[in-house]
Number of protein chains: 2
Amino acid sequence: MNDKSSVLRETDNEARRQARILLRSARHAALAVLDPETGFPAVSRVLTGTDIDGVPVMLVSGLSAHTKALSKDPRASALFGEPGKGDPLAHPRLSIQCRAERVDRDGPFHARIRTRFLARHPKAKLYADFPDFCFFRLVPIAASLNGGFGKAYVLPGEDLMILSAANEILARDADVLVRELVARHPDLVSALVTASGGAKGGDWRIYGLDMAGIDLIWGDRTLRWEFDPPLGELNDANSYISKIAYSIP
Amino acid sequence: MNDKSSVLRETDNEARRQARILLRSARHAALAVLDPETGFPAVSRVLTGTDIDGVPVMLVSGLSAHTKALSKDPRASALFGEPGKGDPLAHPRLSIQCRAERVDRDGPFHARIRTRFLARHPKAKLYADFPDFCFFRLVPIAASLNGGFGKAYVLPGEDLMILSAANEILARDADVLVRELVARHPDLVSALVTASGGAKGGDWRIYGLDMAGIDLIWGDRTLRWEFDPPLGELNDANSYISKIAYSIP
């Protein structure tokens with residue numbers, strides 16, 4: 001008997017979509033690590049973004065307690081999703097258990113992670129290149145979505161990842177593709193903001209593109225538009241743009 | 001050599017005051033526990049309040065993963081303080097490491113904890129008495145205050161507690177005292193809201209009183225007024241009220 005059966009719902013596509021949006025639109029998370037001296041969990045706030053494969057990333061100081069803890073034990077957990085007005089538990093949130101992998105500054109992922117992260121957090125340019133700062137990938141192993149009272153779901157980590165052979169090409173070409181996309185479809189941003197339920201009239205712009213969706217930003221507000229279904233394998237910029245435009249409402 | 005010396009500031013009274021206000025005005029926290037199956041930390045959102053001695057409390061379902069984890073290992077951590085507009089890391093937050101103690105429904109603390117908690121979370125009346133719900137005291141062992149960039153402090157757990165022989169009497173008499181206090185000092189609430197930097201014009205009211213301060217609420221907004229210094233030993237209601245009134249700006 002699984003004693004969770006009484007409170008857990010069967011995970012469906014809508015739950016997966018909500019979990020992905022919570023994670024991919026987040027600008028910060030509560031990160032829990034294991035204190036190497038006491039064995040206690042230790043939770044603190046970190047700035048977050050995502051890598052091109054959907055893996056959440058964070059930028060942290062090497063002097064911080066969480067960074068030191070992760071160098072001893074990479075097991076971590078992160079909570080995404082902010083409460084708004086009213087009951088804090090009525091707002092959806094996502095907890096992941098993850099393995100923290102330090103991103104080597106000379107390795108193959110650093111440049112794309114840095115570019116994507118600074119598009120989400122422009123002020124982090126002031127310190128992202130300090131020698132004691134570093135990025136971590138928080139590779140999800142399992143996740144728990146709480147969509148509000150009585151709406152609990154569990155998800156495997158891979159449900160939060162974007163597994164596509166086109167990731168590398170897209171990471172390289174995303175800026176150019178976004179510019180072409182917006183030039184060809186001038187109403188795209190306002191259509192996405194409306195479809196995502198974002199605040200109207202803002203100076204929204206697209207700042208991120210991956211195989212599963214589009215990231216939008218206006219000051220400190222973010223929105224995530226998930227493609228349904230995700231883009232498949234893609235061969236050239238024209239096919240990207242027409243597929244993306246086709247997937248927009 | 002303590003390698004934290006380069007980032008930590010010396011903890012002063014203003015840091016202690018900020019830490020107490022963050023904890024005592026919170027309506028929710030990110031709670032990290034140890035997953036009994038995997039050993040990973042696991043972080044989720046919980047509703048919080050405080051006991052009369054300043055110890056943070058939470059109300060949780062016995063069916064939830066965090067409650068099951070705490071029944072195996074009481075080591076926990078909680079993050080208080082919400083980010084507002086702008087950079088999430090510019091806003092102060094408090095992390096505590098704590099030992100979670102389940103509150104026995106038939107024990108001496110349950111009634112006062114329930115009363116104080118439901119004053120902060122009136123909607124929790126709908127489920128607080130369900131048989132599978134229970135309160136935990138999160139007894140602080142150590143704390144870390146991050147008051148914004150470059151403002152990090154560590155505090156011992158007792159800095160967050162209210163150690164007074166008058167706690168029990170005050171817990172019993174608080175409602176009556178608050179009514180008398182407001183009747184004798186009709187401008188008290190607006191003076192406290194102004195002095196605490198709260199939003200003007202709201203329907204604020206006092207909902208909690210302890211030896212270290214006053215809790216105010218207006219819908220889902222809360223404020224904490226800390227006495228400076230805390231009330232000393234008190235013998236009767238009149239001496240409470242005159243001491244409290246004296247400590248208000």
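How much area do chain B and chain A bury between them, and what percentage of it is on carbon and sulfur atoms? Chain B and chain A bury about 3,800 Å², with 59% of it on carbon and sulfur atoms; buried area here is the accessible area (1.4 Å probe) that two parts lose on being put together, summed over both.

Before I continue, a word on conventions. This is a predicted model, in which local features need pLDDT of at least 70 and side-chain atom pairs count only at pLDDT 80 or more, while totals for chains, interfaces and linings use all residues. Residues are numbered from 1 along each chain as its sequence is written, chains are lettered from A and ligands numbered from 1 in the order in which they are written, and side-chain values use heavy atoms, with hydrogens and water left out.

I turn to the interface. Phe40(B), Val43(B) and Arg45(B) supply 20% of the area that chain B buries against chain A, more than any other three residues. The contact (heavy atoms within 4.5 Å) takes 44 residues from chain B and 44 residues from chain A.

On the side of chain B that touches chain A, strand 1 (28-34), strand 2 (41-50), strand 4 (75-80) and strand 5 (93-102) of chain B each supply at least two residues. Strand 2 of chain B gives the largest share, seven residues. Strands (E, at least two residues) and helices (H or I, at least four) are DSSP runs, numbered from the N terminus.

Next, the symmetry. A rotation of 180° with 0.0 Å of shift along its axis superposes chain B on chain A, with RMSD 0.0 Å, by least squares on the C-alpha atoms of residues with pLDDT of at least 70 in both. The two copies are thus related as by a two-fold rotation axis. The same surface serves both copies, since 100% of the contact residues of chain B recur in chain A.

Finally, the chain itself. Chain A has six helices and ten strands, and its C-alpha trace spans about 55 × 50 × 35 Å along its principal axes. The peptide bond from Asp228(A) to Pro229(A) is cis, with omega near 0°; Pro229(A) lies in the loop between strand 10 (221-226) and helix 6 (237-247) of chain A.
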